[in-house]
Amino acid sequence: MRVMKFISVAVVFAVVAAFAVAQQAAPAQSAPVVKHVPITNAPSNSGKEMFNSYCAVCHAKDGKGSGPAASAMKTPPTDLTLLAKNKGGKYPAPHVAAVIRGQATTASHGSQDMPVWGPLFSSISQGHESQVQQRITNLVSYIEGLQAK
């Protein structure tokens, strides 16, 4: 149960942070603040719904990295629409899956700015590895569809 609480606290930042960014006018020198909330269980069979629930808060619904919580990040979120372009036109699906799972890192995945999703998906899937893999596969496929033409 403690692990679940810890995971929930870790995820809270990225999951719904955009919807909870302070709406009050803050002094110009104040950094944006993001409210932490528990992870939700978006349908594992919909890459789009998972992306909108877990990723869009930082990467934006269009994947370009301008989500509502982006300004609160230490490192700007990656423009996910350029992944293939930056790899000579080939979408790096294995690398994207490894980053989501937590087996590879980027500037913000795995840091305090952004949680590693693999363990979080495992927690909401009650440890069922097949559902974790389904989530990751569907997210990777959805992100592939966002690639710039």
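A residue is called buried when its relative accessible area is under 20%, exposed when over 50%, and partly exposed in between (1.4 Å probe, protein chains only). The model is predicted, so local features need pLDDT of at least 70 and side-chain atom pairs count only at pLDDT 80 or more, while totals for chains, interfaces and linings use all residues. Residues are numbered from 1 along each chain as its sequence is written, and side-chain values use heavy atoms, with hydrogens and water left out.

Ser 141 is partly exposed, at 42% relative accessibility. Ser 141 belongs to helix H6 (residues 129-145). Helices here are DSSP runs (H or I, at least four residues), numbered from the N terminus. Ser 141 and Lys 48 lie 93 residues apart along the chain, and their C-alpha atoms are separated by 9.4 Å.

Thr 81 sits in the loop between helix H3 (47-59) and helix H4 (93-101). Thr 81 is buried, with 5% relative accessibility. Its contacts (heavy atoms within 4.5 Å) include Asp 62, Gly 63, Lys 64 and Leu 146, not counting residues up to four places away in sequence. The side chain of Thr 81 also makes a polar contact with the side chain of Asp 79, at 2.5 Å. A polar contact is a pair of N or O atoms within 3.5 Å; within protein, one must be able to donate a hydrogen and the other to accept it, and residues adjacent in sequence count only if both atoms are side-chain atoms.

A disulfide requires a pair of cysteine sulfur atoms within 2.5 Å. The count is 0 disulfides. For Cys 55, the nearest cysteine sulfur is that of Cys 58, 8.7 Å away. Cys 55 is buried at 8% relative accessible area, and Cys 58 is buried at 1% relative accessibility.

Notes:
Helix = DSSP H or I, 4+ residues; strand = E, 2+ residues; numbered from the N terminus.
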